[in-house]
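This report concerns the pockets and the charged side chains of one protein model. Please consult the sequence and the structure shown here while reading.

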Amino acid sequence: MKIDHIAIVVSSPPEAASWYSSNFGAEILYSDETWSVVEFENIKLAFVVSHQHPAHFAFEVSDFSKNDVVKLHRDNSKSAYKKDPWGNIYELVKYPKKK
């Protein structure tokens, strides 16, 4: 299993994506007013607004358990948010198969 991304709450996802791209060479994969994601060589950072997503880290998975509450996202990925025993929020994310 690999860590897919870390999500950070910011006031302006597009500005955060642009700043990390300009200052650290990250590639902007997607950006809108509520959610942006940049990719580095080894991980992605997501920038989210607090009223839509919590700060979290995400693992890429191949499937979900039957007890997971799965949500479909605008990029056709599916995910389920959970909490670890210490109260940290993590996401399990599954991307559509590439053609």
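Predicted model: local features only at pLDDT ≥ 70, side-chain atom pairs only at ≥ 80, totals over all residues.

The largest pocket has a volume of about 480 Å³. Its lining comprises 23 residues, of which W35, V37, D75, S77 and Y95 are the closest to the centre. Strands β1 (2–9), β2 (27–31), β3 (35–39), β4 (44–48) and β8 (89–94) are the elements that each give two or more residues to this lining. By class, the lining of the largest pocket consists of eleven nonpolar, six polar and six charged residues.

The second largest pocket has a volume of about 190 Å³. Its lining is formed by E60, V61, S62, K94, Y95, P96, K97 and K98; four of these residues are charged, three are nonpolar and one is polar.

**Salt bridges**

Side chains of opposite charge can pair when their charged atoms come close. The structure holds four salt bridges, among them the following.

| Pair | N to O distance |
|---|---|
| K44 and D4 | 3.0 Å |
| K94 and D63 | 3.9 Å |
| K82 and D68 | 2.6 Å |

The pair of K44 and D4 joins strand β4 to strand β1 across 40 residues of the chain. K44 counts as buried because its relative accessibility is 15%, and D4 is likewise buried, at 3%.

K94 is partly exposed, with a relative accessibility of 27%, whereas D63 is exposed, at 53%.

K82 belongs to strand β7 (residues 78–83) and D68 to the loop between β5 and β6; the pair therefore ties together parts 14 residues apart in sequence. K82 is partly exposed at 30% relative accessibility, while D68 is buried at 12%.

**Two buried residues**

E91, found in strand β8, is buried yet has no salt bridge. The nearest side chain of opposite charge, that of K71, is 8.2 Å away. Apart from neighbours within four places in sequence, E91 is in contact with H5, H56, F57, A58, F59, H73, S79, A80 and Y81.

H53 lies in the loop between β4 and β5 (56–60). Is H53 buried or exposed? With a relative accessibility of 9%, H53 counts as buried, because the cut-off is under 20%. Beyond neighbours within four places in sequence, its contacts are V9, W35, V48, H73, R74 and Y81.

Conventions: Residues numbered from 1 in each chain as written. Heavy atoms only, no water. 1 Å grid on protein atoms, 1.4 Å probe; cavity = no way out; pocket = protein on both sides within 12 Å on 5 of 7 lines; lining within 4 Å. Points joined across faces, edges and corners; volume = space filled by probe spheres on them. Helix = DSSP H or I, 4+ residues; strand = E, 2+ residues; numbered from the N terminus. Nonpolar A, V, L, I, M, F, W, Y, C, P; charged D, E, K, R; others polar. Buried < 20%, exposed > 50% of the residue type's maximum accessible area, 1.4 Å probe, protein only. Lys, Arg positive; Asp, Glu negative; His and termini not counted. Contact = heavy atoms within 4.5 Å.
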